[in-house]
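Open your viewer, keep the sequence panel beside it, and follow along stop by stop.

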Amino acid sequence: MGPVFTLGYGLSRSNPTQPQAFPLRVDNKSPRGWMSLSFQLRLDDEESYLTVHSSYCAIFADQGLESCLCHFDYERDKDRYTSAHVQVYGTSPALEVLNDKADHKRTLDKLHIPVGGKRFRPCIEDVIEFLINERLVDAHEGWEQRVEEGRARYRRSQLKAAMRRYPDVVEEYLRERERAEKGS
């Protein structure tokens, strides 16, 4: 693996690796929450494309980042759990019952809930849509179009990356499509 560099809010020459959280607000209104967002990037194994090595997107209720709602994580080539996952903070009566029956106790925030795997994980636009639709943050007029445009760019990029990794599947699809078009 080659060098890794970090992207995030508040990075500078004196602080190159520890992104700062930013307020979730529209205009000058008081923030309803805070987001901590960072991406670690590197070249892929062929050294041809920039790829995400890891990402972290956390939603907090406070500026001090002490009260976390959830965080969406991606860690390439993770061993023990799925590389793309969400961790949610809170309590769960169902988890308490499961813990009563187990010798290893887990808290909700320690569960790595899978969310789409390496290629089809949530993008930042999905998180933005979640926050707006659940009325956890306010939105600008026309946000839907901007979110959908960003999501489309992300999905196209992920699809192209999948196609590079699985050219045999692309060829198979094209052959099937050609047969279907000839048959109709």
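The tour below moves from the whole chain to single residues.

**Before you start**

This is a predicted model, in which local features need pLDDT of at least 70 and side-chain atom pairs count only at pLDDT 80 or more, while totals for chains, interfaces and linings use all residues. Residues are numbered from 1 along each chain as its sequence is written, and side-chain values use heavy atoms, with hydrogens and water left out.

**Stop 1: the whole chain**

Show the protein chain as a cartoon, and you will find 4 helices and 7 strands (DSSP runs numbered from the N terminus: H or I of at least four residues for helices, E of at least two for strands). Trace the protein chain along the sequence and the pattern reads β-β-β-β-β-β-α-β-α-α-α. The C-alpha trace spans about 60 × 50 × 40 Å along its principal axes. Of the 184 residues, 31% are buried; buried means under 20% relative accessible area, exposed means over 50%, and partly exposed is in between, using a 1.4 Å probe and protein chains only.

**Stop 2: two loops**

Select D27 in the loop between β2 (22-24) and β3 (33-43). D27 is not a glycine, yet its phi is positive, at about 60 degrees. With a relative accessible area of 56%, D27 is exposed.

Now jump to D77, in the loop between β5 (68-75) and β6 (84-88). Here too a residue other than glycine has a positive phi, near 60 degrees. D77 counts as exposed because its relative accessible area is 60%.

**Stop 3**

Select C57: its nearest cysteine sulfur belongs to C70, 7.6 Å away. C57 is buried, with a relative accessible area of 7%. Then pick C70, whose nearest cysteine sulfur is that of C68, 6.4 Å away. C70 is also buried, at 5% relative accessible area.

**Stop 4: a charged patch**

Finally, select D168, E171, E172 and E176 and show their side chains: together they form a negative surface patch. Such a patch takes residues with over 30% relative accessible area and no salt bridge, joining like charges within 9 Å; a salt bridge is a side-chain nitrogen of Lys or Arg within 4 Å of a carboxyl oxygen of Asp or Glu. Zoom in on E172, which lies in helix α4 (residues 167-183).

How values were computed. Patches are made of residues with over 30% relative accessible area and no salt bridge: like charges are joined within 9 Å, nonpolar side chains (Val, Leu, Ile, Met, Phe, Trp, Tyr) within 5 Å. Accessible areas come from the Shrake-Rupley method with a 1.4 Å probe; for residues, only the protein chains shown count as cover. Lys and Arg count as positive and Asp and Glu as negative; His and the chain ends are not counted. The place of a charge is taken as NZ of Lys, CZ of Arg, CG of Asp or CD of Glu. A disulfide is a pair of cysteine sulfur atoms within 2.5 Å.
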